[in-house]
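My entries follow in the order I made them.

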Amino acid sequence: MAIRDILKMGDPRLLRLAKPVEEFDTEALHALVRDMQETMHAALGVGIAAPQIGVDLQVVIFGTGQPSVRYPQAPIIPKTVLINPVLQPLSDSAEDGWEGCLSVPGMRGLVPRYTHMKYSGFDPKGQYLEREVSGFHARVIQHECDHLLGILYPMRIKDMTQFGFAEVLFPELDPDSDD
Ligand code: NI
């Protein structure tokens, strides 16, 4: 297990279309998920995608089952590993919300996302998983799955006046949190 370096915006590896996982329940896949969990926890993130540590596969993890240090007001999301995800909006309803990203440290931006989503995929053992979610949970899954399409949240911002440094936009936030 290891805490891995998180790639930052500007690295072309963040812009690739990630490949589907073809073999489940392998030692390599379990090791990747463990590294992603350690890296996300060390960075106090609420989610991370494999491309953020330079791995070109459709694997995302999110949720800690506990209140987030970086988003203390946010609802608790169960600890989830999602492989080869498929997303489907359940309505046209969308809302703006502030996002940050471990690959865009120190910044926050206001991003429109679908409010209600259905998502499905597989866990590391190959078990099928399907959920219908809304609000913050729906936002997080859209953000993480965007990483698999080579999309970073600044590319989704409609009004660039609503993009800036977290310490300026939200001075009450913990300054030790590096993103
Ligand atoms: Ni991100």
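**Core, helix and nickel site**

I began at isoleucine 141, which touches Phe62, Leu82, Leu87 and Tyr119, leaving out residues up to four places away in sequence; contact means heavy atoms within 4.5 Å. I note that this is a predicted model, in which local features need pLDDT of at least 70 and side-chain atom pairs count only at pLDDT 80 or more, while totals for chains, interfaces and linings use all residues. Residues are numbered from 1 along each chain as its sequence is written, and side-chain values use heavy atoms, with hydrogens and water left out.

I then looked up the largest nonpolar core, which has 19 residues; Val60, Phe62, Leu82, Tyr119, Phe136, Val140 and Ile141 touch the most other members. A nonpolar core here is a set of buried Ala, Val, Leu, Ile, Met, Phe, Trp, Tyr and Cys residues joined through side-chain atoms within 4.5 Å. Buried means under 20% relative accessible area, exposed over 50%, and partly exposed in between (1.4 Å probe, protein chains only).

Which elements give two or more residues to this core? I found strand E2 (59–62), strand E6 (116–122), strand E7 (128–134) and helix H2 (135–148). H2 gives the largest share, 6 residues. Helices (H or I, at least four residues) and strands (E, at least two) are DSSP runs, numbered from the N terminus. A second, separate core has 16 residues, among them Met36, Ala43, Val59 and Leu102.

I turned to H2 itself. Of its 14 residues, 13 are buried, so the helix is largely enclosed by the rest of the structure. Just after H2, glycine 150 has a positive phi of about 75 degrees.

Next I checked the nickel ion. Its protein donors are Cys101 (SG), His143 (NE2) and His147 (NE2), at 2.1 to 2.3 Å. Donors are N, O and S atoms within 2.8 Å of the metal (3.2 Å for Na, K and Ca); water is not among the atoms, so sites may look incomplete. Along the chain the spacing is C-x41-H-x3-H. Histidine 143 and histidine 147 are 4 residues apart in H2, so about one helical turn separates them. Histidine 143 is buried at 7% relative accessible area, and histidine 147 is buried at 1%.

Last, the cysteines. I counted 0 disulfides, taking a disulfide as a pair of cysteine sulfur atoms within 2.5 Å. Cysteine 101 is buried at 2% relative accessibility. Cysteine 145 is in no disulfide, and the nearest cysteine sulfur, that of cysteine 101, lies 13 Å away. Cysteine 145 is also buried, at 8%.
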